[in-house]
Amino acid sequence: RFLTKGRVSVVALNGTTRALFNASVRGRDAYFECTSATVLSDTTAQSLGFTGGGANIAIGIMVAGRLSAGSVLVSFALPPVLTTISGCPGDSSAQPKSTSLCPVSGTVNVTLTGLNLGVKSASVLLKAVLSKPAIVPTIVFRNQTMIIFTSYPGVGTGRVVQVTADGVVSTQTDVLLSFASSCYSTSLGVCNAHGSCNELTGECSCACGSTVGYWTGKLCDRCQAGVYGGSCTLGCPGSVSSPCYNHGTCSDGINGTGACTCEANYRLKDCSVACPVSSTTGLVCGGHGTCNSAGLCECTSQYSGLTCEGCVDGWFGSGCDQQCQGGSSNPCSGHGVCSGGTTGDGTCQCITTPLKYVGSSCQYLCTCSSHGTCQANGTCLCMASDSTGYWTGTSCDKCQLLYSNSSTCAVACPTVNGTICNGKGTCSEGVCSCLTVGGVQYCGTACGTSGAVCDVNRCPSAVSYG
């Protein structure tokens with residue numbers, strides 16, 4: 001048995017180098033045609049190409065115009081012909097002959113029927129399609145009219161089934177085998193209709209985009225982390241890559257609401273604001289308050305500040321438990337600044353302008369003029385010296401009596417027994433102007449002299465001469 005096409009060698013006696021292998025015999029059911037031949041030796045000639053069909057064809061050798069007396073019988077294998085394919089869902093009588101949705105694991109037997117399918121040397125090839133390689137299944141039964149195969153780990157649709165029997169290859173292209181998708185499927189379709197299937201790997205490549213949604217999972221049936229809604233197109237607060245600003249858990253997924261559940265020390269709907277933390281203690285709100293929904297500290301007791309590490313006005317001490325001078329409700333009597341806070345000592349620094357206050361709690365208003373010094377109790381200590389003058393009064397704004405008629409309060413009036421101008425005159429800038437009292441004229445520096453002696457000191461009366 002020879003192939004239907006190819007070359008054949010014939011051993012012959014009495015051949016010559018000029019012998020021609022040009023015999024042909026045709027019959028109704030068998031034929032052999034040789035296009036050319038060559039003589040290899042005196043005993044061998046070889047065809048370069050032939051086509052043939054049928055069995056028991058007698059071939060003669062023409063040498064030097066003489067036909068060989070004997071004959072050689074040659075039989076040819078017939079090409080395989082496929083008539084049906086069945087086993088997986090599909091219509092084997094349809095044209096083209098095909099099946100569909102064979103499982104990719106190859107657990108279902110596929111049956112081919114036809115003619116000339118061979119007994120010993122038959123093989124099956126599921127030809128490559130697109131980028132998917134060819135598949136060679138395992139044959140579990142074969143005879144001239146039937147081949148059954150299984151164990152076909154394959155993917156792809158519309159694969160041409162090719163049979164090789166007795167060295168002859170079928171050339172039919174209308175027998176097709178298709179496999180179910182190797183990717184996961186749902187009621188909506190392969191990859192949940194939200195992705196594409198890589199048949200070679202059996203993995204879904206899920207859709208990812210603002211219009212098609214952000215899908216994930218083997219079935220492409222779940223939203224990516226940070227995405228929610230039935231179409232997986234809505235992003236959680238923050239961003240898809242950092243939902244809830246990475247400080248909370250987003251209610252994501254197909255049935256999610258997009259709401260953030262923030263970590264303990266983060267606030268606002270998107271968890272974007274951190275509660276203030278003390279740089280010294282590392283505690284939220286310094287351990288002296290609570291963080292509200294806006295991310296701000298609400299301090300307890302007498303504490304204040306961004307992180308509740310300071311004292312409210314009017315309190316001081318490491319525990320903010322001591323009141324400033326004047327009381328916590330009116331520290332420094334409202335006229336000064338208290339040394340408050342955790343490091344303060346509670347003392348007051350009184351204001352000096354435009355008014356001046358003194359006292360431990362700034363409770364006294366100082367009314368001293370520039371001629372006096374304000375004391376801690378609010379009283380004025382007036383100046384009293386020749387260089388500063390001698391002042392008196394609540395505010396040190398008057399001259400002492402002895403200096404009362406001096407513009408600088410520095411020139412004393414003359415006195416007699418402590419009485420200015422002896423009580424018989426007026427003083428101005430330390431000079432007495434003596435008076436006549438009860439008809440008695442007084443004179444002298446302190447108006448301490450009276451009587452006739454004072455007359456000599458008087459100027460003569462004006463005399464009219466005429």
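**Reading the sheets, cores and cysteines**

Analyst: Let us begin with a sheet: four strands form an open sheet in the order β10-β12-β15-β14, and their pairing is antiparallel. Please keep in mind throughout that this is a predicted model.

User: Which strands stand at the edges of that sheet?

Analyst: The edges are taken by β10 (81-86) and β14 (138-142), each of which has a single partner strand, so one side of each is left without a neighbour in the sheet. From one strand to the next, the twist averages 25°. Within the sheet, β12 (residues 110-115) and β15 (residues 146-150) run antiparallel and are joined by four bridges, and T111 stands opposite I148 in β15.

User: How should I read a nonpolar core, and which residues of the largest one touch the most other members?

Analyst: The general idea is that nonpolar side chains tend to be buried together in soluble globular proteins. Here the largest nonpolar core has 19 residues, of which L112, V124, L126, F149, Y152, V161 and L177 touch the most other members. Two or more residues come from each of β10, β12, β13 (123-126), β15, β16 (159-165) and β18 (175-177). If residues up to four places away in sequence are not counted, F149 touches a set that includes V110, L112, V124, L126, I139, V140 and L177. There is also a second, separate core of 11 residues, with C366, C374, Y403 and C409 among them.

User: What is a disulfide, and how many does the count come to?

Analyst: A disulfide is a covalent bond between the sulfur atoms of two cysteines. In this model, the count comes to 22 disulfides. One of them joins C324 to C338, with an S to S distance of 1.9 Å, and the torsion about its S-S bond is about -85°, so the disulfide is left-handed. Because C324 lies in the loop between β37 (322-323) and β38 (336-338), while C338 lies in strand β38, the pair ties together parts that are 14 residues apart in sequence. Both C324 and C338 are buried.

User: Are the cysteines of the C434 and C447 pair buried or partly exposed?

Analyst: This disulfide, at 2.0 Å from S to S, has one of each: C434 is partly exposed, with a relative accessible area of 22%, whereas C447 is buried, at 0%.

Technical notes
Residues numbered from 1 in each chain as written. Predicted model: local features only at pLDDT ≥ 70, side-chain atom pairs only at ≥ 80, totals over all residues. Heavy atoms only, no water. Pairing = 2+ DSSP bridges. Axes fitted to C-alpha atoms, helices over the stretch in contact; angles between N-to-C directions. Core = buried A, V, L, I, M, F, W, Y, C linked by side-chain atoms within 4.5 Å. Buried < 20%, exposed > 50% of the residue type's maximum accessible area, 1.4 Å probe, protein only. Contact = heavy atoms within 4.5 Å. Disulfide = S-S within 2.5 Å.
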